[in-house]
Amino acid sequence: MAFLEILGVSKRFGNTIALDNVTLHIDKGELFAILGPSGCGKTTLLRIVAGLEVPDTGRIIVNGVDITFEKPQNRKAVMVFQNWALWPHMTVFDNIAYGLKIRGVPKDEIARRVKWALELVKLEGLEKRYPHQLSGGQQQRVALARAIVVEPEILLLDEPLSNLDARLRIDMREELRNLIKKLGITAIYVTHDQEEAMAIADRLAVMNKGKVMQIGTPTEIYNNPKNVFVATFIGRANVINGVATRIDNRYIEARIGNKLIKAVKTANEEIRPGDSINIVIRPHHISTKCDNAMENRFTGRVIGTSFLGNAIEAEMETDIGILTVLLPEPAMVGNKDSVEICFSADKALAFKSE
């Protein structure tokens with residue numbers, strides 16, 4: 001039995017279905033990310049676990065106890081909001097201590113635990129400052145300290161790094177993961193940033209339109225997506241539309257215009273000859289160094305390039321459509337250059353058209 005069980009949870013707001021029969025099993029001490037586009041239901045799910053919303057159907061079980069209708073203050077779950085929600089008129093110390101004070105913790109114990117939390121988030125010496133006197137990264141640390149100081153069993157993080165600049169987000173996500181693992185807290189991390197989710201999570205769930213599309217480790221989901229939505233939401237991907245012509249136990253051959261492509265048949269797809277299919281191939285799996293092991297070979301004409309520092313991203317017009325190709329530096333190409341490109345059938349995934 002998992003430590004946190006979200007069982008068949010559904011939630012509707014008027015005519016909008018926010019969550020549609022969502023089930024997740026999260027182990028104790030696991031850092032679990034929920035990833036999806038805006039409006040997919042991920043924050044609603046977090047609020048239901050926190051007790052800030054009540055599901056229309058389904059249950060929330062923590063360590064074998066049904067807490068579906070428990071009040072938020074009776075749950076050992078604490079939420080860190082996207083905007084951090086710090087009290088502007090309170091010092092850092094008082095912001096962190098607030099949850100302990102309303103729980104009636106003695107003053108000397110409050111002082112000890114606030115000191116402990118400040119040390120954990122590396123804010124020692126700033127306890128007398130006010131939020132407006134802090135940087136964005138420091139405010140985020142105060143919000144995190146306020147959450148962990150009450151010693152929650154479950155930490156709920158709703159896009160906690162979204163208000164930080166790009167460089168600081170990378171630094172903070174590493175610190176955040178290390179801190180959560182050090183404390184052994186079970187955490188749910190909600191984000192729409194796929195790179196962030198993959199970097200921080202032990203496992204993650206990809207959601208769309210209130211439903212869970214796939215659950216797995218970042219590696220599993222990136223390398224073995226269950227559908228086109230997951231394949232294109234997690235990382236960059238080209239989607240090529242074609243018609244299945246020949247199928248065996250492992251591969252599908254498809255016709256795109258007057259060309260044939262060979263791709264891996266995904267296990268969960270029932271595809272027959274004549275079916276419309278989508279073939280997904282990631283830009284970095286397309287190469288300009290072609291040999292006989294590359295079953296799919298085409299000529300591409302460069303129509304645009306972007307310099308990414310350690311690589312060149314090229315848009316290429318080909319016989320099977322416009323493809324994005326990632327070329328390692330210093331493989332410089334210019335607009336209108338013709339380049340032979342290729343990719344292995346084992347790197348291309350075939351899905352039935354949605």
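Accessible areas here come from the Shrake-Rupley method with a 1.4 Å probe, and for residues only the protein chains shown count as cover.

**Entry 1: ground rules.** I note that this is a predicted model: local features need pLDDT of at least 70, side-chain atom pairs count only at pLDDT 80 or more, and totals for chains, interfaces and linings use all residues. Residues are numbered from 1 along each chain as its sequence is written, and side-chain values use heavy atoms, with hydrogens and water left out.

**Entry 2: whole protein.** I looked up the accessible surface of the protein and got about 17100 Å², with 48% of it belonging to carbon and sulfur atoms. The C-alpha trace spans about 75 × 45 × 35 Å along its principal axes. Of the 354 residues, 50% are buried (buried means under 20% relative accessible area, exposed over 50%, partly exposed in between, with a 1.4 Å probe and protein chains only). I then took contacts (heavy atoms within 4.5 Å) between residues at least 6 apart in sequence; 65% of them join residues at least 24 apart.

For charges, Lys and Arg count as positive and Asp and Glu as negative, while His and the chain ends are not counted. The place of a charge is NZ of Lys, CZ of Arg, CG of Asp or CD of Glu. On that basis the mean positions of the 45 positive and 43 negative charges are 3 Å apart.

**Entry 3: secondary structure.** I find eight helices and 19 strands. Helices (H or I, at least four residues) and strands (E, at least two) are DSSP runs, numbered from the N terminus. Two strands pair if DSSP finds at least two bridges between them.

**Entry 4: the sheet with β1.** I traced an open sheet of four strands in the order β2-β1-β4-β5, with antiparallel pairing. Its edge strands are β2 (16-26) and β5 (65-66), each pairing on one side only. Between β4 (residues 57-62) and β5 there are two bridges, and Ile61 stands opposite Asp66 in β5.

Helix α1 (residues 42-50) packs on this sheet and touches β1 (4-13), β2 and β4; the direction of α1 makes about 120 degrees with that of β1. For that angle, axes are lines fitted to C-alpha atoms, for helices over the stretch in contact, and angles run from 0 to 180 degrees between N-to-C directions. I checked the cover of α1: seven of its nine residues are buried, among them Leu45, Leu46, Ile48 and Val49. Just after α1, Gly51 takes a positive phi of about 90 degrees.

**Entry 5: strand β11.** I followed β11 (residues 238-247) to its partners. Six bridges join β11 to β14 (residues 276-281), and the two run antiparallel; Asn241 stands opposite Asn278 in β14. Four bridges join β11 to β12 (residues 251-256), again antiparallel, and here Ile247 stands opposite Ile252.

Entry 6: Most residues other than glycine have a negative phi, and most peptide bonds are trans. Lys122 counts as exposed because its relative accessibility is 58%. With a relative accessible area of 48%, Glu151 is partly exposed.
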